[in-house]
Amino acid sequence: MDRMTDPGTATAKSGDGTRHMIWGSVLAAVAAYLFLQGGARLLGAERFAAISALWTIQFLVMAVALMPIEQLTIRTRALGDGTELRRSTAAVVAVAAIAAGAYAGANLDTLFSGEGVFVPLSVLSVVTMGVFALGRGELAGRLRYRDYGLVTGGQALVRLVAGLGLIAAADSAAGGGWAMVVSPLLVLGWWRFRRQSFAPAQTQGAGTFLAGVVVANAAAQTILVAGPLAVERLGGTAAEVSVLFVTLTLFRAPLAIANNLLARLLPPFSSLATGDGKSTLRRWAIRLPLGGAAIAAAAVAVGAWMGPAIISGLFGTDFRPTAAAAALVAGGSVLATVAAFANQILLAMGATWRLAAAWVVGLFAAVAVMMALSSAPATRVAAGFLVGEAVALAAVSAAVLLTGRVIR
């Protein structure tokens, strides 16, 4: 079948399901904040640390190991390739689940107050999120944007209702952990995907694509979400970990919404990259960092001025950050959101190892800044976050301009 006329490709009309993706993403972001806010108030800063640690582990694994599966699935289906991806998914999920369980076990006392149930919860959360990632990738790759939005919003809504209910009933952080494990399985309601015939496509191997994206996302997400873990390693208290966690989570709201909308961009970006639209993509690679820098500067000022009051108003005075930490996190979050869009250009081009190199450079910059400073742990981590995002965004833009051909 001709790839340009196959209804499963990026050139086909989607039936305008984009609106559902947008509202599903907004609902998911709001529900996530309500879950965290409610959990924080029910448990308090000390006991809430277990939820923040499990959330961070789950978020890191999703972003590092499982989002590449979703992105590979989207690009593969958008290019009309019928390659079976479930074996690749199973292998990645197995390794990630073992790593998550080992990390939770090794840090049980410091991160989870010695509650052993969080070790199996960490493992199971990776498995169910793996199912979620593969399912959403199939939906977006086949242009089922409406269903993608319903799954995205529905999963967060189930986690909110079930999570707060279980926390209140059991008076334990473990109740919220079980909700985080079960809610991704909502995607199974859409698992009977409409069968479509795809012509074999000469795309690069799944392993090569995945490896590059995993390395890139590992570096990117370490900068983005490992901050609370870094605060603990730098000697911060459990309360300080919780404060930086809610600050990062609140200020990266635009990124949380954008991440669910990126699936809408990758199919058409792939068509542009493999057709006559490479010059258009390169122009955006220049505009994005310039615009991002201007918005980030404004975000730093607003974050310092209003950030502490907003966070303490939403989560309570125990969670009030310093003005410096709030400002740095606000600026870094803007740059992270812009970089997420820039990343899609290299993904569409198939240049995943250039994407990896860009984010590794950003990670080194973040660590260097964090280690060079001698201020409070949260401020050091926030400064590293801002610098790392800025360096990585510039490197991604340069990589797009230097990529001469699309890797199929």
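**Entry: T352 and its contacts**

I begin with a working definition, that a contact means heavy atoms within 4.5 Å, and I note that the model I am reading is a predicted one. With that cut-off in hand I looked up T352 and, leaving aside its neighbours within four places in sequence, I found it in contact with T208, F209, G212, V213 and L347. T352 belongs to helix α13, which I located at residues 352-372. I then asked myself: does T352 count as buried or exposed? I found a relative accessibility of 1%, so T352 counts as buried.

**Entry: the whole chain**

I stepped back to the protein as a whole and looked up its secondary structure, which comes to 14 helices and zero strands. The protein has 408 residues, of which 57% count as buried. I also looked at contacts between residues at least 6 apart in sequence, and found that 83% of these join residues at least 24 apart.

**Entry: helix α4**

I looked up helix α4, which covers residues 118-141 and so has 24 residues by its run. From its first C-alpha to its last I read a reach of 34 Å, which is close to the 34 Å expected at 1.5 Å a residue. How many of the residues of α4 are buried? I found 18 of the 24 to be buried, so the helix is largely enclosed by the rest of the structure. Just after α4 I came to L143, which takes a positive phi of about 65°.

**Entry: salt bridges**

I counted six salt bridges in the model, and I wrote down a few of them with the accessibility of each partner. One of them joins E138 with R142, where the closest N and O atoms are 2.9 Å apart. E138 has a relative accessibility of 8% and thus counts as buried, and R142 is buried as well, with a relative accessible area of 10%.

I turned next to D147 and R146, whose side chains meet in a salt bridge at 3.7 Å, N to O. Here I noted that D147, at 12% relative accessibility, counts as buried, whereas R146 is partly exposed with a relative accessible area of 44%. R146 and D147 are also linked with R144 in a network of salt bridges.

A further salt bridge that I looked up is formed by R233 with E232, with the closest N and O atoms 3.6 Å apart. Which of these two side chains belongs to a buried residue I checked separately: E232 is buried, with a relative accessible area of 18%, while R233 counts as exposed at 55% relative accessibility.

**Entry: a nonpolar patch**

On the surface I found a nonpolar patch formed by L124, L166, W178, V182, L185 and L188, which together have about 490 Å² of accessible area. I followed one of its members, W178, back to helix α6, which covers residues 173-182. At 38% relative accessibility W178 counts as partly exposed.

**Entry: aromatic rings**

Before reading the rings I reminded myself that a pair of aromatic rings is described by the distance of the centres and the angle of the planes. In this model I counted five aromatic pairs. For F35 and W55 I noted ring centres 5.9 Å apart and planes at 25°, so the pair is stacked, since planes under 30 degrees apart count as stacked. F35 is buried, and so is W55.

I then looked up F112 and F118, which form a stacked aromatic pair with 5.0 Å centre to centre and 15° between the planes. F112 counts as buried at 0% relative accessibility, and F118 likewise counts as buried at 0% relative accessibility. Last, I noted that ring pairs link F48, F245, F315 and F319 into a cluster.

Definitions and conventions:
Residues numbered from 1 in each chain as written. Predicted model: local features only at pLDDT ≥ 70, side-chain atom pairs only at ≥ 80, totals over all residues. Heavy atoms only, no water. Helix = DSSP H or I, 4+ residues; strand = E, 2+ residues; numbered from the N terminus. Buried < 20%, exposed > 50% of the residue type's maximum accessible area, 1.4 Å probe, protein only. Expected span 1.5 Å × (residues − 1). Salt bridge = Lys/Arg side-chain N within 4 Å of Asp/Glu carboxyl O. Patch = residues over 30% accessible without salt bridge, like charges linked within 9 Å, V, L, I, M, F, W, Y side chains within 5 Å. Areas by Shrake-Rupley, 256 points an atom, 1.4 Å probe, with all protein chains shown as cover. Phe/Tyr/Trp six-rings, centres within 6.5 Å; stacked < 30°, edge-to-face > 60°.
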